[in-house]
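Take a walk through this structure, from a sheet to a ligand and then to the pockets. Keep the 3D view open as you read.

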Amino acid sequence: MARIELKLAHSYARTVRSDADYALLPLDITFEDGGAYALLGPSGCGKTTMLNIISGLVTASHGTVHFDGEDRTHAPPQERNIAQVFQFPVIYDTMTVGENLAFPLRNREVPAAQIQERVGRIAEMLDLSAQLDQRAANLAADAKQKISLGRGLVRPDVSAVLFDEPLTVIDPHLKWELRRKLKQIHHELGMTLIYVTHDQVEAMTFADQVLVMARGRVVQQGTPADLFERPRHTFVGHFIGSPGMNLLPVEARDDGMLWLGGQRIGRPESLALPPGPLTLGIRPEYLRLTHDSEAGAVPATVVQVRHVGTSQLLGARIGERQVKLHLPADAEPPAEGDVVHLALIGPHTRYYRNEELVA
Ligand code: ATP
């Protein structure tokens with residue numbers, strides 16, 4: 001296993017005129033030895049590019065890649081000692097499940113007894129023990145992908161295992177199980193795992209550290225709880241959560257009072273906000289209904305109430321803006337068209353200027 005340091009930028013274009021020509025803008029990231037990381041972001045944000053720069057399939061146009069302090073920027077993939085699991089199964093149909101799992105070890109002439117021990121262990125972790133002697137050809141797509149995962153994890157001596165959206169072909173129920181299993185495997189094997197996904201649930205279940213990416217930039221790296229509680233960028237607030245953070249344009253006056261449109265909505269306690277325009281962010285989980293008599297209560301018109309299993313999701317309009325909030329599943333919900341009152345300011349409210357969290 002290795003500590004992997006990236007200090008680089010990457011453009012696929014020969015000539016670079018603006019930031020838009022970069023698939024990855026200048027970044028400085030360290031993946032610690034033995035960590036479980038997820039690269040999370042929408043399509044085109046640069047996740048696969050970063051993964052391929054680590055594995056050596058792509059060479060960064062600017063900057064360096066170090067493994068355990070050694071410069072590996074120009075090392076070809078075979079010299080980097082990386083295992084990679086792709087979106088679709090990469091296995092040999094003519095071999096049995098066991099032979100497929102053993103292949104990366106046989107290739108490196110690992111002694112037979114060690115191969116047997118390691119294949120047995122990995123098969124057990126992935127519930128493949130009963131299928132070891134079965135031909136891979138006849139298996140369903142998800143079983144094949146489990147073999148791919150196993151092949152990625154079977155070598156104990158790799159620098160890191162990289163996963164590029166590995167659960168895409170897996171059916172939803174098994175997906176849930178495999179996410180948990182991968183996390184458990186990480187704890188047992190202590191390998192450096194880097195996992196690319198655009199699915200926040202997948203990232204948050206699997207990783208200890210999530211790197212949220214947008215337009216070639218890592219906008220925040222943190223634990224799943226950090227990303228939920230203290231998004232440092234409005235993009236993270238909105239992207240993480242279901243639904244994401246409510247974001248409203250407000251103005252801080254010189255006296256510290258916040259205004260939303262023509263309405264005073266209160267003064268945040270123990271937080272001195274710089275005067276001027278701000279974005280107020282509050283998650284649907286923390287936005288609450290209040291009485292019209294409470295200071296700063298903001299009137300909103302209910303536009304939708306939806307039961308979402310564990311709670312009810314209420315959509316309400318404040319002027320031109322829509323906000324969402326969760327109500328307990330058993331609460332008596334207001335009706336569509338009702339005017340309710342909302343408390344926007346509380347301990348979980350965050351404030352942003354130019355999309356960045358105001359400290
Ligand atoms: P997805 O989830 O869709 O795979 P991603 O986050 O992995 O997206 P990348 O595939 O890394 O993003 O792409 C980042 C940017 O680089 C995109 O604008 C993409 O069009 C561009 N890009 C990726 N590969 C190449 C390539 N081989 N040549 C030119 N441009 C590329």
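Two strands count as paired here if DSSP finds at least two bridges between them. The model is a predicted one.

Start with an open sheet. It has 4 strands, in the order β2-β1-β4-β5, and the pairing is antiparallel. Which strands stand at the edges? They are β2 (residues 24-31) and β5 (residues 70-71). Each has a single partner strand, so one side of each is left without a neighbour in the sheet. Now look at strand β1, residues 4-10. β1 pairs with β2 in the antiparallel sense, over 6 bridges.

Next, the ligand. What surrounds it? The shell consists of Y12, A23, P42, S43, G44, C45, G46, K47, T48 and T49. By class, these residues divide into 4 nonpolar, 5 polar and 1 charged.

A polar backbone atom of C45 lies 3.1 Å from a ligand oxygen. For K47, an N or O atom of the side chain is 2.9 Å from an oxygen atom of the ligand. For T48, an N or O atom of the side chain is 2.7 Å from a ligand oxygen. How much of the ligand does the protein cover? On its own the ligand has 630 Å² of accessible area, and the protein covers 53% of that.

The lining of the largest pocket has 11 nonpolar, 8 polar and 3 charged residues.

The second largest pocket holds about 470 Å³ of space. Its lining has 26 residues, and R267, P268, E269, I345 and G346 are the closest to the centre. Which elements give two or more residues to this lining? They are β13 (263-266) and β20 (350-353). β13 gives the most, with 3 residues. By class, the lining of the second largest pocket counts 14 nonpolar, 5 polar and 7 charged residues.

Definitions and conventions: Residues numbered from 1 in each chain as written. Predicted model: local features only at pLDDT ≥ 70, side-chain atom pairs only at ≥ 80, totals over all residues. Heavy atoms only, no water. Nonpolar A, V, L, I, M, F, W, Y, C, P; charged D, E, K, R; others polar. 1 Å grid on protein atoms, 1.4 Å probe; cavity = no way out; pocket = protein on both sides within 12 Å on 5 of 7 lines; lining within 4 Å. Points joined across faces, edges and corners; volume = space filled by probe spheres on them. Near = heavy atom within 4 Å. Polar contact = N/O pair within 3.5 Å; in protein donor to acceptor, adjacent residues only side chain to side chain. Areas by Shrake-Rupley, 256 points an atom, 1.4 Å probe, with all protein chains shown as cover.
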